[in-house]
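Hello,

Here is the structure I promised to pass on. Please open it first, then read my notes below.

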Amino acid sequence: MGYAKIGLKAGLEIHQQLDTNKLFCACPSVIRKDKPDLVVTRELRPLAGETGEIDPAAIFEGKKRKFYKYEAYNDTTCLVELDEEPPHKINQEALEAALLVAKMLHCDIPETIQIMRKTVVDGSNTSGFQRTCLIGTNGYLDTKYGKVGIQNINLEEDACRRTNEDKESVTFRLDRLGIPLIEIGTAPDIKTPEQGRELAEKIGMLLRSTGKVKRGLGTIRQDLNVSIKGGTRIEIKGVQALKQIPALIEKEVERQQKIIAKKQKVKPEVRNAQEDGTTKFLRPLPGAARMYPETDIPLIPISRLRIETLKIPESIAKKEERFVKLGLSKDLAQTMSRWKNVKLFEKLVKENPKVKPNVIASTLLSIPKQVKKKVDHKFIPTDEQYAIVFSLLNKGKIVKEALLDIFVELSKQKDIEKVIIDFEKLSDKELKEEIKNIKEKNKSASEGKLIGIAMSKLRTRADPKKIMQLIKKT
Ligand SMILES: [Zn+2]
């Protein structure tokens, strides 16, 4: 399709959760699956704003006349999330991450940051607004198909999570409320569906390279804006995967074209992405002026020095290249460079020069799965357990063939000191003795059989090459 001819304009809005504590209180950013400790019920009604008009989106939500229930936890949510206590100072770690992203995207960063309140009408914020602040404007990112403008980067608080809904009420969980989000809004510079996919992917990689973002389902959300000549801007929410983006753009173009062909007007609205690339009406497009200053938090000055000293992290592509040079296969380097705990890998490589980086990488990436296969329960070794095991390997106190068995034992909650004793590498003398015993006990066995017996008995405590040599020699 000639997308230039039909005047396709599309932009992305990306919301990425940060892996820090909450933005305006010290609560941890954890999503809870267990039963909440308390539930608070409230009612939220639409009121006219400063202009005297009620936001169309507010009227739409208000018609539902629902009560809102908020589920809270004693230990991971506090009075800030319940809007019973003013917000604390902004989380500096989150602010730092947002400033870094703004710098990486070549944005202008304001000298003073002002926290704003953005009206929220669906009950997903206990206060009725979401706190947000502008961190950068006027940036750009290069794609294969040309430069894409970055209009704005905001740092804001995530909303509550909807856990239930019935005729009278909607239930929200406070666990997600206040998790810092970086919002990146691109200019409508996407000119083809494929460019949309590439752009989202590039921004995703850039965010991950900071090492400050959460990973996994629901931690990144993408919204798409799509318009064509004669149509209007439609916001598509709930884009789950990058690969959906081209289809969503294509189908939205088709939808608007069909309406225009019938000589009807395309209504500005928010639509929800479906898995097949189609969309469903969600709500009218909210009015634009819905922000007012947050008076509970003073202005935040941002010194130029602070921005200058922010270090641009190594890109994921560069990291991958470097790992290949360390001896990792292309596949392993690709997976490791994107792994959430890649810092641990780098640390272990540095601390254990005698262990091949390849062994460290494949162990880190495969051990949890392999252990689960053996013991049938989930086990992820701690960073400290990894550190101890690899340092023993580095010192030649254990052999790499013992790694899986050691972690299997550790998964049974045993004391690491006790576990290690059973796997201590045999000295040459001890090994000779063991081999001699095996030979004596199995006098009639063939060499192949002897190797089999020796391997099964000594595999985790001696170098397999040495075992073979000794059997053949003596
Ligand atoms: Zn809190």
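In which strand does Asn 138 lie? Asn 138 belongs to strand E6, residues 129-143. Helices (H or I, at least four residues) and strands (E, at least two) are DSSP runs, numbered from the N terminus.

Before the rest, two ground rules. The model is predicted: local features need pLDDT of at least 70, side-chain atom pairs count only at pLDDT 80 or more, and totals for chains, interfaces and linings use all residues. Numbering starts from 1 along each chain, as its sequence is written.

**Positive phi**

Most residues other than glycine have a negative phi. Asn 138 is not a glycine, yet its phi is positive, about 60°. Asp 83 is not a glycine either and has a positive phi of about 60°. Asp 83 sits in the loop between strand E3 (67-72) and helix H2 (92-104).

**A helix pair**

Helix H14 (residues 447-458) and helix H15 (residues 464-473) have axes that come within 10 Å and cross at roughly 140°. Axes are lines fitted to C-alpha atoms, for helices over the stretch in contact; angles run from 0 to 180 degrees between N-to-C directions.

Best wishes
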